[in-house]
Amino acid sequence: MNSLLVLLQLLLLLITILECVSAFSVGSRTLSSLPSTKSSSGTKLFASSADKYNDLIQWFTSSNEQSYISNKVDIRPSTRGGLAIGGYGVFANDDLAEGELIFTIPKSCCVTLDDAIEDNDCGAAFKQLMEKTGPGSDTVVLAGYLVKEYLLLQEYDRRVLRGEKSDDNNIMRRLSKIKFASYLRTLPWERGVNAQEHVLFWQDEDVDSLLKGSLAYDDAIEIRSTVKTATKILNGIISPVIRKARGEEEESTEEEGGFLFPWQSKEEEKPKQEDKVLDGLEDAVQGAMVISLTRAFAVSGDDGKEEDRLEPILDMLQHSESPNISHKCAEDGSIIVTAGANVKSGDELFNQYRGEGDNMPYHKFFTRFGFVPGITEPVANMIAERSTIFFPQRAEV
């Protein structure tokens with residue numbers, strides 16, 4: 001019973017933290033000098049950025065007849081960092097008139113809660129998790145779905161490297177049809193991808209040495225603790241699916257009891273293999289939480305309630321306090337993106353994730369989103385110089 005209460009308390013803490021997160025945000029494009037950290041244990045999915053973005057566009061335009069990308073835009077290194085730190089953005093390659101259509105993003109191209117709870121592998125468990133924990137669990141469920149698909153995609157790539165083909169067997173046929181594969185390959189699953197420098201990617205010693213004593217320290221520790229809680233919760237849901245794909249175990253039968261949450265009383269009856277944290281899971285959960293926290297957009301669902309979802313292409317646009325695009329959600333759930341002003345050929349397209357005058361301290365922007373809005377100086381330099389954004393100053397007597 002004590003372990004149950006502790007887990008539920010941790011889950012409630014996780015939900016409380018996630019409910020404070022802004023609906024619109026993308027990771028930092030300015031950090032460059034933090035100490036190096038470990039990289040993800042997963043294989044590199046693409047060697048070429050050009051390849052993965054070309055593949056993303058091909059997938060996007062062919063997956064739905066309503067998908068649209070103007071031929072007046074393209075993807076290339078962003079002016080907010082560019083290849084120096086790995087950031088990419090969207091640019092006009094011809095003049096755009098105010099109000100001109102740039103993208104149409106159908107709901108079917110977005111990663112939504114429906115994708116998670118209708119998933120053949122884990123949907124029922126995700127739905128049960130949401131029913132048990134209530135509002136605030138959406139981010140964990142969305143992250144869980146991303147993690148499961150990403151780990152399956154890694155397994156597909158490993159098998160291809162071994163010489164297997166998409167139609168060799170049932171597992172390869174399943175793995176070759178991951179719906180969002182092309183999109184997953186472009187996301188920041190580890191530090192440095194798309195210039196992402198979120199505090200979740202730091203090593204423990206870097207958090208202590210750089211942030212201890214700052215306004216951001218306690219917040220960073222709390223956010224990092226959510227990864228461990230989410231990993232424990234998601235391990236029971238995801239690991240059987242991934243282990244089966246890896247050939248590590250057979251699928252559970254109904255007689256064996258099927259899926260059990262970590263807090264359920266029959267947990268001790270499960271095979272010991274399921275009690276172990278899946279190899280690569282914590283790194284994947286870490287990356288998925290960064291993606292969900294920094295890239296998810298809040299939109300109204302079919303029931304009128306707001307829900308988070310990921311919107312490919314649009315989420316690549318960098319932040320500006322003076323955006324030059326506008327976007328809205330249509331009745332069918334698709335996202336319509338238009339030029340918010342006259343845009344000259346060669347200009348980068350910018351979105352506004354959250355007004356910089358909104359009531360959120362800069363140090364919270366950093367711990368939630370990995371950047372400080374309106375500041376171009378590397379955050380590591382600001383921390384080293386004990387900027388008042390991060391370190392409270394004593395009043396002079």
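A nonpolar core is a set of buried Ala, Val, Leu, Ile, Met, Phe, Trp, Tyr and Cys residues joined through side-chain atoms within 4.5 Å. In this predicted model, the largest such core contains 77 residues, of which Phe103 and Leu349 touch the most other members. The greatest contribution to this core comes from helix α5 (residues 138-161), which supplies 12 residues.

When residues up to four places away in sequence are not counted, Phe103 touches Tyr68, Ile69, Val73, Val90, Ile313, Leu317, Ile335, Ile336 and Val337.

An open sheet is formed by four strands, arranged in the order β1-β4-β9-β8 with antiparallel pairing. Strands β1 (68-69) and β8 (325-329) each have a single partner strand and stand at the edges, so one side of each is left without a neighbour in the sheet. The partner of β8 is strand β9 (residues 335-339); the two run antiparallel and are joined by five bridges. Within this pairing, Ile325 has Ala339 of β9 as its bridge partner.

Helix α12 spans residues 362-369 and is mostly covered, with six of its eight residues buried. The buried residues of α12 are His363, Phe365, Phe366, Thr367, Arg368 and Phe369. Just after this helix, Gly370 adopts a positive phi of about 85 degrees.

Methods:
Residues are numbered from 1 along each chain as its sequence is written. This is a predicted model: local features need pLDDT of at least 70, side-chain atom pairs count only at pLDDT 80 or more; totals for chains, interfaces and linings use all residues. Side-chain values use heavy atoms; hydrogens and water are left out. Buried means under 20% relative accessible area, exposed over 50%, partly exposed in between (1.4 Å probe, protein chains only). Two strands pair if DSSP finds at least two bridges between them. Contact means heavy atoms within 4.5 Å.
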